[in-house]
Amino acid sequence: MPVQTSIALYLIHRLKQAGITPVVAGNRSAVTLLVVADPKREYLGEALDLDRAIDQIIEHKRDFDLCFVFIHNDSGVSYAATMGAISKARLYAVVYGEHYDQIVASIEFPCQTIAAKAVHNPMPLKKMLDEVAPWAA
Amino acid sequence: MGCVEELPYEVLLRASSFKECREYIKGHFRESINVTPGFKIFDTHIIGVPPISVGLDGDFVIFPYTKPCHGTFLLRVENRAEAERLRTRK
């Protein structure tokens, strides 16, 4: 999904500006998209394999204060629900894509939703993110 | 989660939703248990929206396996020890 890397780098930037240290967890492709887009690691800091990160949280080896789950399909909802169940982090569901409204409707667990119909143009989702301003919460 | 991919599994549902997997288990298997996200089956932490249904059919364990870009797959694996372990936690 084209907007994903752009919004992730923007969110990392805003969090770092607010003094929050972001850690990215994703599958190999998602992490590689960020590494290639930010070769000098100006924005991207620690990056983990998603399954390894989940293992560490479940085994109480690690946890976070905030968690942003990027969602553009049903799998993303499953991962967000899992984070809600295993982590003490304040949970944000960042939902985008052509059918973002159907995805939002399927979220029935506690979290704050940041959602917009964004596929190629990141601006609608950036606008929603700026309105919620989770880095200031 | 590499270990699941090394199991001799049969795919019952491919690239489906978590709801479809839950409904399939309820509709096709008389015996099932509900687990929470992160519960370990075959050394793998299960991803999903609670309650996550896991079916039991003799020595077979039927469970959802989620991949970030491909949706949820409903897998059936024959393993007596794991089936018995899951039964004892009912």
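**Ground rules**

I number residues from 1 along each chain as its sequence is written, and I letter chains from A and number ligands from 1 in the order in which they are written. The model is predicted, with local features needing pLDDT of at least 70, side-chain atom pairs counting only at pLDDT 80 or more, and totals for chains, interfaces and linings using all residues; side-chain values use heavy atoms, with hydrogens and water left out.

**Entry 1: helix α2 of chain A**

I took helices (H or I, at least four residues) and strands (E, at least two) as DSSP runs, numbered from the N terminus. I called a residue buried under 20% relative accessible area, exposed over 50%, and partly exposed in between (1.4 Å probe, protein chains only).

I looked up α2(A), residues 28-37, and found A30(A), V31(A) and L34(A) buried. They share one side of α2(A) because they cover an arc of only 95 degrees around the axis. That arc is taken from the directions from the helix axis to the C-beta atoms.

The partners are α1 (3-17), β1 (23-26) and β2 (46-49) of chain A.

**Entry 2: where chain A meets chain B**

I found 19 residues from chain A and 20 residues from chain B in the contact. The buried area is about 1500 Å², and carbon and sulfur atoms give 61% of it. This is the accessible area (1.4 Å probe) that two parts lose on being put together, summed over both.

I then counted seven residue pairs in polar contact between the chains, both residues at pLDDT 80 or more. A polar contact is a pair of N or O atoms within 3.5 Å; within protein, one must be able to donate a hydrogen and the other to accept it, and residues adjacent in sequence count only if both atoms are side-chain atoms.

On the side of chain A that touches chain B, α3 (50-58) and α4 (74-86) are the elements that give two or more residues. The largest share, nine residues, comes from α4(A).

**Entry 3: salt bridges**

My cut-off was a side-chain nitrogen of Lys or Arg within 4 Å of a carboxyl oxygen of Asp or Glu. The whole structure has eleven salt bridges over all chains.

I looked up R14(A) and D130(A), which meet at 3.7 Å, N to O. R14(A) is in α1 and D130(A) in α6 (residues 123-132) of chain A, so the pair ties together parts 116 residues apart in sequence. R14(A) is partly exposed at 24%, and D130(A) is partly exposed at 28%.

K117(A) and E98(A) meet at 3.4 Å, N to O. K117(A) is partly exposed at 49%, and E98(A) is partly exposed at 45%.

Which salt bridge lies between chain A and chain B? I counted one. The side chains are those of E108(A) and K19(B), at 3.9 Å, N to O. E108(A) is exposed at 65%, whereas K19(B) is partly exposed at 33%.

Note on methods: Contact means heavy atoms within 4.5 Å.
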